[in-house]
Amino acid sequence: MITLYTAVTLDGYIATTDGSVDFLENPRYQLPNEDYGYTGFYEGIDVVAMGYNTYKQVINFEGEFPYHGKHSVVFSRTDTVEPIAGDIEITEASEESVIQRFKREGKNVWIIGGGATNARVHQSGLIDRMILTYLPITLGAGIPLFRENDASLEWKNTGTRTFANGLVQITLERR
């Protein structure tokens, strides 16, 4: 299963215009003993896939690389990207060809982002499920969930969870 799992603002952004996701750290978005289903989701994932800009953001987070123990794929348009230690594959291959390979192998893939990677995988029609956690904030500008692409796909809501702090998580599957 290929899943796009991400937080998104009410106006459809996954990051600010400079790529920052600092707004996710707002204490109002934290609830005691609540991880919004992340642990269960992560345990079922075989591969973590992301674009180069998202990779740069992730490796600059405090602490060690958060996806150790999972095969990570970074889509890059250049071969000068240096992987950090771990099971990280840097590839110039298209998102479509790599994701199709994992799909044939029966792998569960988490598409982390960013907006351009999301758009290319969306346009290829390979996303089976989206788990979108909407934050009660608007940014006005930023990196959208999907950069512009030509795909028009229909989805069905298979689950909605509302949290006391205003977050709403929607699970969608392809029709």
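Predicted model: local features only at pLDDT ≥ 70, side-chain atom pairs only at ≥ 80, totals over all residues.
Trainee: Let's begin with the aromatic rings. Which geometry do Tyr38 and Trp110 adopt, stacked or edge-to-face?

Mentor: A pair of aromatic rings is described by the distance of the centres and the angle of the planes. For Tyr38 and Trp110 the centres are 5.8 Å apart and the planes make 70 degrees. Planes over 60 degrees apart fall in one class, so this pair is edge-to-face.

Trainee: How many residues apart in sequence are the parts that this pair ties together?

Mentor: Tyr38 belongs to helix H1, residues 38–43, while Trp110 belongs to strand E6. The pair therefore ties together parts whose separation in sequence is 72 residues.

Trainee: Which other residue of helix H1 forms an aromatic pair with Trp110?

Mentor: Trp110 also has an edge-to-face partner at 6.3 Å centre to centre, with 80 degrees between the planes. That pair again links helix H1 with strand E6, across 68 residues. The partner is Tyr42.

Trainee: Is Tyr38 buried or partly exposed?

Mentor: Trp110, at 4% relative accessibility, counts as buried, and Tyr42 is buried too, at 14%. Tyr38 has 28% relative accessibility. Buried requires under 20% and exposed over 50%, so Tyr38 is partly exposed.

Trainee: Now to Thr133: with which residue does its side chain make a polar contact?

Mentor: Thr133 lies in strand E7, residues 129–135, and is buried at 8% relative accessible area. Leaving out residues up to four places away in sequence, Thr133 touches Thr6, Ala7, Val8, Leu167, Val168 and Gln169. A side-chain polar contact of 2.9 Å joins Thr133 to one of these, Gln169.

Trainee: And what is the length of the polar contact between His71 and Asp87?

Mentor: His71 lies in strand E4, residues 71–75. Beyond four places in sequence, the contacts of His71 include Val47, Asp87, Glu89 and Phe102. The side chains of His71 and Asp87 are joined by a polar contact of 2.8 Å.

Methods: Residues numbered from 1 in each chain as written. Heavy atoms only, no water. Helix = DSSP H or I, 4+ residues; strand = E, 2+ residues; numbered from the N terminus. Polar contact = N/O pair within 3.5 Å; in protein donor to acceptor, adjacent residues only side chain to side chain. Contact = heavy atoms within 4.5 Å. Buried < 20%, exposed > 50% of the residue type's maximum accessible area, 1.4 Å probe, protein only. Phe/Tyr/Trp six-rings, centres within 6.5 Å; stacked < 30°, edge-to-face > 60°.
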